[in-house]
Amino acid sequence: MSERLASVLDAARAWAADDPDPRTRAELEALVQRSEGGDDPAATELADAMSGMLEFGTAGLRGRLGGGPNRMNRAVVIRAAAGLTAYLRTVAAQPFVVVGFDARTNSDVFAADTCAVVTGMGGRAVVLPRPLPTPVLAYAIRYLGADAGVMVTASHNPPEDNGYKVYVGDGSQIVPPVDGRIAAEIAAVASVASVARADDGWETLDDEVLEAYLDDVRGVVAADSPREVTVVHTALHGVGSETVRRAFTAAGYAEPIPVPSQAEPDPMFPTVSFPNPEEPGAMDAALELAEQTGPDVVIANDPDADRCAVAVPGPGGWRMLRGDEVGALLGAHVLSRGEAGGVVADSPDCVFANSIVSSRLLATMCRAAGVRHEETLTGFKWIGRVPGLRYGYEEALGYCVDPASVRDKDGVSAALLVAELVASLRARGRSLTDRLDDLAREHGVYATDAFSVRVDDLSLIGRIMDRLRAQPLTSVAGVDVARADDLARGDGGLPPTEGLRYYLTDDSRVIVRPSGTEPKLKVYLEVVEPVTGADLKGARSRAAARLAAVRADLESATRA
């Protein structure tokens with residue numbers, strides 16, 4: 001037996017002895033026994049499970065369920081809750097934490113463990129009454145005046161994953177240096193046995209928070225806007241169905257037509273291989289129902305309902321809109337309301353924002369309207385913190401349309417705003433596709449694309465980034481690079497973050513960055529093509545050709 005394996009076995013035995021969950025404890029013990037017997041796959045799995053504590057960062061925790069410090073389990077969650085509470089006690093004598101959870105495996109268990117730790121360490125904990133969307137938890141923090149919030153969810157990750165998202169008292173996700181301070185407190189937890197945990201003493205809320213959220217969320221649509229619209233909706237086996245249905249009826253719309261096979265929460269996500277509306281096949285059931293029922297629009301939420309996807313009918317059948325297209329449509333809709341909708345030119349209290357990997361079309365529209373715009377780092381932990389935010393979005397299907405209520409992406413309020421826009425256009429005999437054509441004619445064709453390089457070995461991502469830095473791109477698709485930003489150095493004026501950004505001489509843009517939540521490298525592409533005269537079709541064709549050429553070059557440059 002190698003020294004390395006012996007060390008892993010010793011660490012696994014010690015972890016298992018401190019694990020309060022008999023299932024994950026037995027899992028580790030079985031791996032130890034098999035590894036001792038010469039089972040190489042078991043030894044590999046055990047080494048990975050023991051390869052270090054699941055990293056706590058600005059996305060909180062997210063990882064595969066199972067035993068060991070590099071997995072999502074009760075022992076890891078109890079340590080995380082203890083670290084969070086210890087940090088909160090440096091800013092509040094009796095920290096008040098509200099906890100939410102979705103319907104994933106063990107989400108309710110991890111929520112209860114969090115409440116037990118907060119209470120046991122002298123804080124006050126309250127938990128939402130049942131599995132509910134992430135935006136309801138984000139809303140609850142400000143509504144209740146909590147010092148922090150925890151949402152147990154892995155969003156749109158595979159069924160074997162779970163996660164732990166942390167918010168602070170203003171209802172926004174944590175950012176540096178708070179994440180580092182919490183991580184330091186987690187690292188200081190010696191063992192689960194050393195963590196004070198209460199058997200009871202926390203409060204399970206009733207529906208007051210949900211009712212207040214629904215009352216506020218219906219205000220995202222104008223009282224006098226048209227309500228005639230038919231919507232097919234899928235929750236992708238997540239927790240969005242009930243809240244979306246109630247939000248629509250509260251706002252005066254007909255209930256969406258649900259996709260029956262995906263309407264109820266199911267942690268196994270049986271009808272999809274990957275519960276993300278962006279992934280191939282995830283929307284098949286919803287689009288099939290749309291073909292049968294002929295709605296005006298299809299709307300999908302991811303499993304924790306903080307994202308919103310949209311599909312529209314067309315001559316070739318239904319097609320999914322890109323996140324950037326929905327972001328531009330909703331942004332234009334909010335801008336069109338003017339002062340009646342809180343849009344005031346050049347006001348510090350009316351700022352539109354999107355992440356650096358999202359399309360630059362929103363910024364162009366804001367310049368034309370005289371409205372302030374900011375570009376942020378990727379993620380709503382940054383977008384939600386923009387002072388004076390009126391509307392924000394990121395290309396990964398995240399939209400903040402009511403920051404006064406929820407300073408995070410909210411797939412429920414976004415769905416309502418999509419319904420209002422579709423109904424308003426429908427009343428004039430027009431569609432979302434027509435509105436996209438309007439925006440292209442006015443501002444040019446902003447064509448975007450993205451792809452991911454998935455890896456099993458995380459070190460490959462670092463190697464690709466190192467290679468791009470050692471051998472900088474000087475041209476892409478035959479077009480010279482006009483400017484290259486190393487985002488890790490803070491180039492471009494934003495806080496340092498791992499990534500590279502290239503602007504080409506024809507105004508195309510490329511961004512390469514590691515994913516913050518999954519083992520993959522992400523590449524974002526955008527080309528801008530002016531519309532000459534009435535030749536919108538030609539402009540789109542030219543943009544598509546340019547975009548394909550840029551993608552081909554970047555696929556080669558980022559090959560693992």
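The lining of the second largest pocket divides into 14 nonpolar, seven polar and six charged residues. Here Ala, Val, Leu, Ile, Met, Phe, Trp, Tyr, Cys and Pro count as nonpolar, Asp, Glu, Lys and Arg as charged, and the others, Gly among them, as polar. The model is predicted: local features need pLDDT of at least 70, side-chain atom pairs count only at pLDDT 80 or more, and totals for chains, interfaces and linings use all residues. Residues are numbered from 1 along each chain as its sequence is written, and side-chain values use heavy atoms, with hydrogens and water left out.

The second largest pocket holds about 640 Å³ of space. Of its 27 lining residues, Arg319, Glu325, Leu436, Val445 and Arg540 are the closest to its centre. A pocket is an open set of points on a 1 Å grid over the protein atoms alone, with protein on both sides within 12 Å along at least five of seven lines; a cavity is a set where a 1.4 Å probe fits but cannot get out; lining residues have an atom within 4 Å of a point. Points are joined across faces, edges and corners, and a volume is the space filled by probe spheres set on them. At least two lining residues each come from α11 (323–336), α15 (432–443), β16 and α17 (536–557). α15 gives the largest share, five residues. Helices (H or I, at least four residues) and strands (E, at least two) are DSSP runs, numbered from the N terminus.

Now the cavities. The structure has three of 30 Å³ or more.

Turn to a helix pair. α4 (residues 74–88) and α5 (residues 107–120) have axes that come within 9 Å and cross at roughly 40°. Axes are lines fitted to C-alpha atoms, for helices over the stretch in contact, and angles run from 0 to 180 degrees between N-to-C directions. That angle makes α4 oblique to α5. Angles under 35 degrees count as roughly parallel, over 145 as roughly antiparallel, 65 to 115 as roughly perpendicular and the rest as oblique.
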